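Subject: Handing over a structure

Hi there,

Here is the structure I promised to pass on. Please open it alongside this email, and I will walk you through what turned up.

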Amino acid sequence: MAIRLNKGVVLREVDGQAVLVGTGRDAAYWRINGTALLMLKQLLDGGKVGEVIDAVTQAHDIDRDRVKADVDQLVGALVESRLIVADSMD
């Protein structure tokens, strides 16, 4: 899945968490925890979903199916909020 921040969106890390702020007509604000930040940063850097799942399951004791569902939910919610653009879902 290829994603990128939407135009006018700013991502700032604060104490192991992050905020995403959209500007303009579609302004939105999201605060995400460290695990979601790990997922998002890897995807923004061009990582594949499988690589993101591997990284999260290595960092935390979480089931792979749960992590996959969390990645899908995070991306879907950020797309719906118009904070990111996803070129494809896999």
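Below are notes on confidence, then the sheet, then the helices.

A word on conventions before the details. This is a predicted model, in which local features need pLDDT of at least 70, side-chain atom pairs count only at pLDDT 80 or more, and totals for chains, interfaces and linings use all residues. Residues are numbered from 1 along each chain as its sequence is written, and side-chain values use heavy atoms, with hydrogens and water left out.

**Confidence**

The protein chain has a mean pLDDT (the predictor's confidence in each residue, from 0 to 100) of 92, with 97% of its residues at 70 or more. Among the elements (DSSP runs numbered from the N terminus, with helices being H or I of at least four residues and strands E of at least two), helix α3, residues 64-80, has the highest mean pLDDT at 96. Strand β5, residues 84-86, has the lowest at 93.

Three strands make an open sheet in the order β2-β3-β4, with antiparallel pairing (strands pair if DSSP finds at least two bridges between them). On average, neighbouring strands here are turned by 15° against each other, direction ignored.

Strand β2 (residues 10-14) is joined to strand β3 (residues 17-21) by five bridges. Within that pair, V10 has V21 as its bridge partner, and R12 sits opposite V19. The two strands form a hairpin with two residues between them, and D15 in the turn has a positive phi of about 55°.

**The helices**

Two packed helices are described by the angle between their axes and the distance between the axes. The axes are lines fitted to C-alpha atoms, for helices over the stretch in contact, and angles run from 0 to 180 degrees between N-to-C directions. Angles under 35 degrees count as roughly parallel, over 145 as roughly antiparallel, 65 to 115 as roughly perpendicular and the rest as oblique.

- α1 with α2: helix α1 (residues 34-44) packs against helix α2 (residues 49-59) at about 150°, with the axes 10 Å apart. The two are therefore roughly antiparallel. In the contact (heavy atoms within 4.5 Å), T35, L38, M39, Q42 and L43 of α1 meet V49, E51, V52, A55 and V56 of α2. These residues divide into seven nonpolar, two polar and one charged. For the classes, Ala, Val, Leu, Ile, Met, Phe, Trp, Tyr, Cys and Pro count as nonpolar, Asp, Glu, Lys and Arg as charged, and the others, Gly among them, as polar.

- α1 with α3: these axes come within 11 Å and cross at roughly 70°, which makes α1 roughly perpendicular to α3. A36, M39, L40 and L43 of α1 make the contact with V67, D70, V71, L74, V75 and L78 of α3. By class, that is nine nonpolar, no polar and one charged.

- α2 with α3: here the axes come within 9 Å and cross at roughly 120°, and the helices are therefore oblique to each other. V49, G50, V52, I53, D54, V56 and T57 of α2 contact R64, V67, K68 and V71 of α3. The classes here are six nonpolar, two polar and three charged.
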